[in-house]
Amino acid sequence: MDYTMEDTQNSAPNAHEASKLGASAQRNDTQGVTKRLQSELMQLMVSPSPGISAFPDADGNLLSWTATITGPSETPYEGLTFKLSFSFPNNYPYSPPTVLFKTPIYHPNVDFSGRICLDILRDKWSAVYNVQNVLLSLQSLLGEPNNASPLNAQAAELWDTDQDEYKRHVLARHRDIEDIE
Amino acid sequence: MSLSDIHRNQFDPLNHFHPREELVLGFYSQPLPSAAFVNHGVPQLSSALYTPAYNMNALSPEEMERYQELSNKFEPELPGPLVSHKQSTDAIAVEYANADPAFATKTNALAVTHPQSRIMKGDGNCGWRAVAFGYFENLFNFRDLIQAQRELVRIKSLNTLLDQVGQQEHLYEIFVDATEEVFGQIVGAIERGERDDSFLVDLFNDEYNSNAIITHFRLLTSAWMKLNPHRYQAFLSMPLDQYCATRIETVKTEIDEVGLQGLVDGVIEASGLTVEILYLDRSEGEVVTSHVLSPPRTGLGAIRLLYRPGHYDLLYQVEPALNMQPVVNFQYAMSSDYSSWGTNELAFDVNSSLMAIPNLMMDTSFGLAHALPQPPSDPYRVSPPQEVYQPPVHTPPPPPTTIASPQPPIRLTGPPPIMSALPPRSNDGPQIRLNPLVMKPNLSHSLPVTAPFKNSPYNQAHFQNQDFEPIHWEPHESRK
């Protein structure tokens, strides 16, 4: 949690005076982002969803988080845990966060650098989506890949033709969370 | 991206790029709009990058994919503020001066009927922003504290819609807060007696704030549509829930006709404001095509949107007519259209002897008369508002045949039945008791108070009437 940001928020004279001054506009945005992310964090802690977790990085920057999801049961990812990074833009939630798989993953819609192809993280982003929605969407993407527009064409093909071989690739690529960084 | 990095690497024979340099190369491996090159500031390096040392085919499919995606996501820097100050509509006319003649004619006419406009930034939110801004601007222009408070209460009460469709309060509250902040500032400005709406323009030009307000309006619209699916589903090519998720609740999807109707129905209409779209296109006609999205009401303000394909701006009519929209044609109401007026509500004291005069108070310069429809079945119908937009200055006086002077009431076989319901006349001569609306100070300047003078003997307008015949005095006939 970033307490310095909180102090900024408390000491600001008031929102509309700040917005009138061009120089203060940035601070106003930061307040909005901070408030929103704090509220999301609170929600995640008060009502956690099974199989997902997320928390701001320890460096005190509320704009970058680390999250985990567990693979859904009855999918090739069952029992595996994946680590992800969230990087929030300054105008969050009016632009989507950048989300990357930090754990190597073999999946049709994720490339080898961990970049994800998911519409809600791009042009279908809505300001009411949040970390929790995104993680739940990613969790379901694991079991239901979108093979129409794959980033990993081989994975897309194997998913449709040879589930056993697919699972071998998944397990071969996976690393335990403790082994990352 | 640093240009020096590229220089350092451009002779690297092994084609080992850092990810960010790959991006430059990638732009050249795909057919891209030239703007993308300019934006990344590298065209001057193109010759260096095209040297044979680079093997374009070395890029893996996923790298290509990524470059394609980068080019797809490219957004040009748009100039101008999110919401401009009011400016002359002449600027729009100048923009189209050399365009298709249909545009030139229509924009010139528009500059007369709607002399001011407000330009919205075309960033994918312009329609939403125009309606939201127009809504708050009207509230400020009313200078009515009670109404502003009432609207605030109403908008906040719409939170129940959000709850009903499962939006989470901890997520939507920041959007509601932003809207409430606008109300607070409007109330404050009214209390201080401010006339200048700059504070509102500033509020909407703070992008974060502006986005929050627009998101609030988007969510309310989405919730309203989901709760009233029967009104919208038939107009959609996809399930309503999917439409709302991908077109309404998103952060930068332009509003379409169905969404705009949902926004007006769910959020704006209960305020009493009229929402009207003026379409600027190459359709036939000399003026923009008007479409009113909500039932028009007199006395209240209106949000007027200028629509050009893919873009919305705000328009402002000629000032004196501001509170007259839609224009009620008093002449026609007096002469015939009693049934729709409700004589009990409007204490019009109609003098039957005045009724007998054809074209009483007909004022062709008012710009209405020749626009009246003349269906034979109902020649007295009050002009619907979409036919009002005739540019009075540019249009030549209408030929007398088009003046709606069908059957002068005197030729009717009998008086309209409703006449008998009117109170009996005194015989003291003509009396006109004015409509109570005339007493409203803010209306007095906009009523056609000069109309009675058109009946003066000095007015020569009657010469234009087809049925006009000069009276010849015959000395043999005695006066009646």
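Two residues are in contact here when heavy atoms of theirs lie within 4.5 Å. Keep that in mind as we look around.

## About this model

This is a predicted model, in which local features need pLDDT of at least 70 and side-chain atom pairs count only at pLDDT 80 or more, while totals for chains, interfaces and linings use all residues. Residues are numbered from 1 along each chain as its sequence is written, chains are lettered from A and ligands numbered from 1 in the order in which they are written, and side-chain values use heavy atoms, leaving out hydrogens and water.

## Chain B

Among contacts in chain B between residues at least 6 apart in sequence, 73% join residues at least 24 apart. The chain has 18 helices and six strands (DSSP runs, numbered from the N terminus: H or I of at least four residues for helices, E of at least two for strands). Of its 480 residues, 47% are buried, meaning under 20% relative accessible area with a 1.4 Å probe, protein chains only.

## The nonpolar cores

In soluble globular proteins, nonpolar side chains tend to be buried together. A nonpolar core is a set of buried Ala, Val, Leu, Ile, Met, Phe, Trp, Tyr and Cys residues joined through side-chain atoms within 4.5 Å. The largest one here has 111 residues, and those with the most contacts inside it are A:Trp65, B:Tyr135, B:Phe136, B:Ile268 and B:Leu305. A second, separate core of nine residues includes B:Phe103, B:Leu278, B:Leu280 and B:Leu315.

Which residues does B:Ile268 touch? Leaving aside residues up to four places away in sequence, they include B:Val131, B:Tyr135, B:Phe217 and B:Ile303.

## Where the chains meet

Between the chains, 28 residues of chain A are in contact with 24 residues of chain B. About 2,500 Å² is buried there, with carbon and sulfur atoms giving 57% (buried area is the accessible area, 1.4 Å probe, that two parts lose on being put together, summed over both). A:Tyr94, A:Lys124 and A:Val128 supply 27% of what chain A buries against chain B, more than any other three residues.

The interface has one salt bridge (a side-chain nitrogen of Lys or Arg within 4 Å of a carboxyl oxygen of Asp or Glu). A:Lys35 forms a salt bridge with B:Asp177, their closest N and O atoms being 3.3 Å apart.

Terms used. Buried means under 20% relative accessible area, exposed over 50%, partly exposed in between (1.4 Å probe, protein chains only).
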